[in-house]
Amino acid sequence: MKSVTRSLRVLEAVAQHQPVTVGELTKIFGLPKSTLQRTLVTLAEAGWLRANRRDTTRWEIGARVLAVRPAALQGSSLFAAAREPMVRLRDALNETIHLSVPDALHGIVVVDRVDCDHPVRTFHAIGDISPLHATATGHAVLAHLPKSEVDELTAGELEGYGDETITDPVELRAELHRVRDRGYAVNHNQFRPGVCAIAAPVLDEDGTPLATIAVSMPDSRFDPERLAELGRLVTHAAAEITARHLG
């Protein structure tokens, strides 16, 4: 139990001081660097922590924390900034709206949802984790990451979830280029059969994707002729969330 208690205290310290180095944590706890490094690696392997994207010697909270306790987001500027635009987008389209955050390159986590009133609707539970390469939310994130991170993702095998999943790295890069150009990503049966989505990124000051907002619907209600309209509404909502969050 001592190791569990230590892990929880390290997790709390990282949350308070992030992004934080092992050396800084050593000063806080007075423990050997090797002990803290093992704890950090264990928490990272479980998805609770991750290395900071800009400085991999520093540690920060992983998105899996949000999956366990998304209600904690309610006090954050991101959650507060997103809620009203999500509701308005749901009211305009009467389809399910999701707010998701990336967990480094491991996937993307649903942290909030506004449901529609259709008897037949798509459903992603809060905390659901989806692959970046096979979803609209993932593509919206990948399109705004540095080339090196996309290369890292595509260096391994990309799992196919159906005939529409993009598993070829060259094809995926071409699709990400299209996402950047038009401002939104489209998933037409790429991950879950019969489920479609349009997503746009919420960006920070330097263009790094913090989150995505997506409209999700059954394939039976996906109308390709409305794609431009849906994309415009979703990107507008994402831009509003970005402005609210940064403002």
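This is a predicted model: local features need pLDDT of at least 70, side-chain atom pairs count only at pLDDT 80 or more; totals for chains, interfaces and linings use all residues.
On one side of the sequence comes β7 (185–188), which pairs with β8 (195–203) in the antiparallel sense over 4 bridges. Within this pairing, Val186 stands opposite Ile198 of β8. The two strands make a hairpin with 6 residues between them. Asn189 sits in that turn and has a positive phi of about 65°, even though Asn189 is not a glycine. As for accessibility, Asn189 comes out at 17%, so it counts as buried, the cut-off being under 20%.

β8 also pairs with β9 (residues 209–218), again in the antiparallel sense, here over 9 bridges. Cys196 has Met217 in β9 as its bridge partner. This hairpin has 5 residues between the strands, and Gly207 takes a positive phi near 85° there.

Most residues other than glycine have a negative phi, and most peptide bonds are trans. Asn94, which is not a glycine, has a positive phi of about 50°. Asn94 lies in the loop between α5 (77–93) and β4 (96–102), and with a relative accessible area of 23% it is partly exposed. The peptide bond from Gln18 to Pro19, for its part, is cis, with omega near -5°. Pro19 is found in the loop between α1 (2–17) and β1 (20–21).

How values were computed: Residues are numbered from 1 along each chain as its sequence is written. Side-chain values use heavy atoms; hydrogens and water are left out. Buried means under 20% relative accessible area, exposed over 50%, partly exposed in between (1.4 Å probe, protein chains only). Two strands pair if DSSP finds at least two bridges between them.
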